[in-house]
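Trainee: I have a new model open and would like to learn how to read it. Could we go through it feature by feature?

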Amino acid sequence: METKRILFICSANRLRSPTAEAVFSNWPGIEVASAGLDNRAEEPVGPDILDWADLIFVMEKTHRSRLSQNSALI
């Protein structure tokens with residue numbers, strides 16, 4: 001079974017996405033990471049982490065929109 005890399009994204013990477021990362025961190029067959037879209041994010045979203053991920057979960061529709069609109073991240 002191939003390991004899937006899953007990225008969780010929220011705004012500040014302080015509550016929601018790190019919580020999701022912690023919840024899924026011991027699940028077999030996946031690697032997880034989290035990041036945030038805001039400048040104040042603990043771990044900011046960047047091209048490297050987006051390239052790393054096989055699957056990306058966002059916490060809000062606005063996060064998906066911001067990712068789609070920000071070509072500097074992709």
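Trainee: Let me begin with one side chain: is Glu31 buried, partly exposed or exposed?

Mentor: Glu31 is partly exposed, with a relative accessible area of 38%. Here buried means under 20% relative accessible area, exposed means over 50%, and partly exposed lies in between (1.4 Å probe, protein chains only). Before we go on, keep in mind that this is a predicted model, where local features need pLDDT of at least 70, side-chain atom pairs count only at pLDDT 80 or more, and totals for chains, interfaces and linings use all residues. Residues are numbered from 1 along each chain as its sequence is written, and side-chain values use heavy atoms, with hydrogens and water left out.

Trainee: Thanks! Which residue forms a salt bridge with Glu31?

Mentor: The general idea first: side chains of opposite charge can pair when their charged atoms come close. A salt bridge is counted when a side-chain nitrogen of Lys or Arg is within 4 Å of a carboxyl oxygen of Asp or Glu. The partner of Glu31 is Arg5, and their closest N and O atoms are 4.0 Å apart. Arg5 sits in strand β1 and Glu31 in strand β2, 26 residues apart, so the pair links distant parts of the chain. Arg5 also counts as partly exposed, at 34% relative accessibility.

Trainee: How many salt bridges does a search of the whole structure find?

Mentor: The search finds five. In one of them, the side chains of Glu60 and Arg16 meet at 2.7 Å, N to O. Glu60 lies in the loop between β3 and α3 and Arg16 in helix α1 (residues 16-24), so this pair ties together parts that are 44 residues apart in sequence. Another joins Arg40 to Asp38, with the closest N and O atoms 3.0 Å apart. Asp38 is buried, with a relative accessible area of 16%. Asp38, Arg40 and Arg66 are linked in a network of salt bridges.

Trainee: You have mentioned strands. In what order do they form the sheet?

Mentor: Strands (E, at least two residues) and helices (H or I, at least four) are DSSP runs, numbered from the N terminus. Two strands pair if DSSP finds at least two bridges between them. Here three strands form an open sheet in the order β2-β1-β3, with parallel pairing. β2 (30-36) and β3 (55-58) are the edge strands, each pairing on one side only.

Trainee: How many bridges join β1 to β2, and how many join β1 to β3?

Mentor: β1 (residues 4-10) pairs with β2 over seven bridges, and four bridges join β1 to β3. Look at Ile6: this residue stands opposite Val32 in β2, and its bridge partner in β3 is Leu55. Five of the seven residues of β1 are buried, so this strand is largely enclosed by the rest of the structure.

Trainee: Which residues make up the largest nonpolar core?

Mentor: A nonpolar core is a set of buried Ala, Val, Leu, Ile, Met, Phe, Trp, Tyr and Cys residues joined through side-chain atoms within 4.5 Å. The largest has nine residues: Leu7, Ile9, Ala33, Ala35, Leu37, Val45, Leu50, Ala53 and Leu67. β1 and β2 each supply at least two residues of this core. Apart from it lies another core of five residues, including Ile6, Ala20, Ile30 and Val32.
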